[in-house]
Amino acid sequence: MGVTVYGLPHCSTCQKAVAYLEGRGVAVDRFHDLKAERLSADEVRRLAELVGGPDKLFSRRAMKYRAMGLHEREVSPDEMLRLMEEEYTFVTRPVVVAGDRATAGFSAKRLDALVGAAG
């Protein structure tokens, strides 16, 4: 069973996730570079649905989050989706997709649960 990883090639957290998966015998079928291959609105919505909602996919660590003053107000789920479509840095990295399930951000426990359930 292989997975698709959405991230950035030079992101150390993304590299760590790929190494973790491969170390457990899980093939990474595809690495989707979020900067080189921008996500469409449909792709953002699908990933958000797979991880459990826009709030679980949306990164509040992005530099633009504070620069745009988003930390000072409520950001609606629809706005999160729009921002992630417009700016790849708002997508929490990495997003690991296995079948019809996914997780965002690196967590060994969540990755084990994901690939165990999908494998």
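**Exercise 1. How many cavities of 30 Å³ or more does the structure hold?**

Solution. Start with the ground rules. This is a predicted model, where local features need pLDDT of at least 70, side-chain atom pairs count only at pLDDT 80 or more, and totals for chains, interfaces and linings use all residues. Residues are numbered from 1 along each chain as its sequence is written, and side-chain values use heavy atoms, without hydrogens and water.

Next, the terms. On a 1 Å grid over the protein atoms alone, a cavity is a set of points where a 1.4 Å probe fits but cannot get out; a pocket is an open set with protein on both sides within 12 Å along at least five of seven lines; lining residues have an atom within 4 Å of a point. Grid points are joined across faces, edges and corners, and a volume is the space filled by probe spheres set on them.

The structure holds 1 such cavity. Leu34, Arg38, Leu39, Met84, Glu85, Tyr88 and Val91 line the largest cavity.

**Exercise 2. Describe the largest pocket.**

Solution. Take volume first: about 390 Å³. Then the lining: 16 residues, with Ser59, Arg61, Val91, Thr92 and Arg93 nearest the centre of the pocket.

**Exercise 3. Why are H2 and H5 called oblique to each other?**

Solution. Helices (H or I, at least four residues) and strands (E, at least two) are DSSP runs, numbered from the N terminus. Axes are lines fitted to C-alpha atoms, for helices over the stretch in contact; angles run from 0 to 180 degrees between N-to-C directions. The axes of H2 (residues 41–51) and H5 (residues 77–86) come within 9 Å and cross at roughly 125°. Under 35 degrees is roughly parallel, over 145 roughly antiparallel, 65 to 115 roughly perpendicular, and the rest oblique. H2 and H5 are therefore oblique.

**Exercise 4. Locate the cis peptide bond.**

Solution. Arginine 93 and proline 94 share this bond, with omega about -15°. Proline 94 sits in the loop between H5 and strand E3 (95–98).
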